Structure formats: structure tokens, C-alpha cells
Amino acid sequence: ITRRLDTVVRQNMLWGVKQAHKEYNDIIEKELQTNGIEIDYHSNSRPSHRYMQGKQYAKGAAQTVNGIYYPSAEKEGVYDRLYKDYGCLHYETNIILGVSVPRYTEAEIKRFEEQDKQLYTINGIEKDGYGWSQSMRNLEAETRKVKGEINSLKAFGNSQAEILKLQKRLKAYQNKYNEISSVTGISKDLNRMR
């Protein structure tokens with residue numbers, strides 16, 4: 001796999017922030033002697049990560065506290081998803097089982113899950129929000145690549161015809177990006193287009 005330098009820097013910065021968050025959580029765990037974690041919920045997550053969103057888990061073995069069952073984070077593979085799946089956007093928060101109030105109600109989680117299952121059709125292609133968000137990430141990368149090519153051609157004084165051809169391709173990427181955002185409601189991140 002070949003990646004542009006700006007893409008590698010962005011990915012590693014995000015991964016570094018996540019690792020710093022993990023270190024912070026470890027300190028909180030020691031100070032408060034927490035025995036569980038809660039995973040945040042974000043829309044359009046990877047299908048393989050959806051099972052854990054918004055849920056609370058026991059550290060170590062599964063436990064029942066005050067009549068509430070908490071599955072084991074280790075046995076459910078939560079830590080593998082969080083820290084071995086590169087680019088995972090989920091975060092854990094330390095909790096005390098039976099004391100910490102869940103961030104999301106069961107009704108909210110159910111509503112979020114229904115939204116994540118929604119399919120969108122664009123130009124005869126049907127995907128869920130995750131699929132279309134990945135298409136947007138690809139368009140962002142292609143946009144950055146074409147902008148780099150245009151800047152290189154301008155710097156070396158190449159023909160205007162070649163630059164115009166690339167600008168048309170750039171416009172097509174931007175139109176497709178806007179269309180996906182409009183149909184799905186996924187927010188545009190124009191910083192990723194630079």
C-alpha cells in the first residue's frame with residue numbers, strides 16, 4: 001500500500017491521540033479503582049465494531065452487579081477492536097460497575113442502531129452510512145492527490161490543458177462528495193479535502 005505523506009501524518013496523529021487517551025484512562029483506573037469500561041457510540045462505525053457501541057463491560061471476568069449483567073470486555077473482544085484495529089474511532093471510559101450511570105439509554109442505542117442500518121441509494125449503488133462514509137474518505141484522498149498534481153504542474157510551468165483536465169476531475173470529485181453528504185446526511189469535513 002502506498003500512502004501520501006499527509007495521509008500518514010494525519011492517521012498517526014489520530015492514533016497518537018487515541019494512545020494518549022488510553023494512557024490517561026489507565027491513570028484514572030488506578031486512582032479510582034474502576035472495574036468496568038463504557039464504549040462511546042458514533043454513527044457509521046465499522047460493522048465489526050457495532051456490537052460494542054454504547055455498552056458497558058466488566059474488566060476481567062463478566063459480572064452481575066445490582067442485578068445488571070456486565071459481559072467481559074476481554075472475552076467480547078472489545079480491547080482487540082479498540083486497540084488492534086488501526087483507525088478505530090471508539091473510545092473507552094472507565095466506570096464503576098453498578099454505580100456509573102450509562103451514557104446512553106437502551107432506547108437511544110436502539111434508535112442509533114436503526115439509523116446505522118439505513119441504506120442509501122446513489123446512482124443505483126446501495127450502501128449503508130459506513131459504506132458511504134468510506135466512499136467520502138476515498139474522495140477526500142483523491143481530491144488531495146489531484147490538488148497536489150495541479151500544484152506540481154503549476155510549479156513546473158506545464159501546459160494549461162493538462163491542468164484544466166485535472167481541475168475537471170477535481171470538480172467531479174467535489175460534486176460526488178457533496179452529493180453523498182446531501183443524500184446521507186454525513187457531515188462534510190473540508191479539512192480532509194485540503
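A salt bridge is a side-chain nitrogen of Lys or Arg within 4 Å of a carboxyl oxygen of Asp or Glu. By this rule the count comes to 12 salt bridges. The model is predicted: local features need pLDDT of at least 70, side-chain atom pairs count only at pLDDT 80 or more, and totals for chains, interfaces and linings use all residues. Residues are numbered from 1 along each chain as its sequence is written, and side-chain values use heavy atoms, with hydrogens and water left out.

**Exercise 1.** Find which parts the salt bridge between Glu29 and Lys59 ties together.

Solution.
- Step 1: The closest N and O atoms of Glu29 and Lys59 are 3.1 Å apart.
- Step 2: Glu29 lies in helix H1 and Lys59 in the loop between S2 and strand S3 (63-65), so the bridge joins parts that are 30 residues apart in sequence. Helices (H or I, at least four residues) and strands (E, at least two) are DSSP runs, numbered from the N terminus.
- Step 3: Buried means under 20% relative accessible area, exposed over 50%, and partly exposed in between (1.4 Å probe, protein chains only). Glu29 has 28% and is partly exposed, whereas Lys59 has 15% and is buried.

**Exercise 2.** Describe the salt bridge between Glu140 and Arg137, and state which network holds these residues.

Solution.
- Step 1: The closest N and O atoms of the pair are 2.8 Å apart.
- Step 2: Glu140 and Arg137 are 3 residues apart in helix H4 (residues 129-155), so about one helical turn separates them.
- Step 3: Glu140 is buried because its relative accessibility is 2%; Arg137, at 24%, is partly exposed.
- Step 4: Salt bridges link Arg137, Glu140, Asp189 and Arg192 in a network.

**Exercise 3.** Work out the strand order of the open sheet and identify its edge strands.

Solution.
- Step 1: Strands of a sheet pair through backbone hydrogen bonds, either parallel or antiparallel. Two strands pair if DSSP finds at least two bridges between them.
- Step 2: Here 3 strands are arranged in the order S2-S1-S5, with antiparallel pairing.
- Step 3: Strand S2 (56-58) and strand S5 (92-95) are the edge strands, as each pairs on one side only.
- Step 4: Strand S1 (residues 36-39) pairs with S5 over 4 bridges. Ile37 stands opposite Asn94 in S5.
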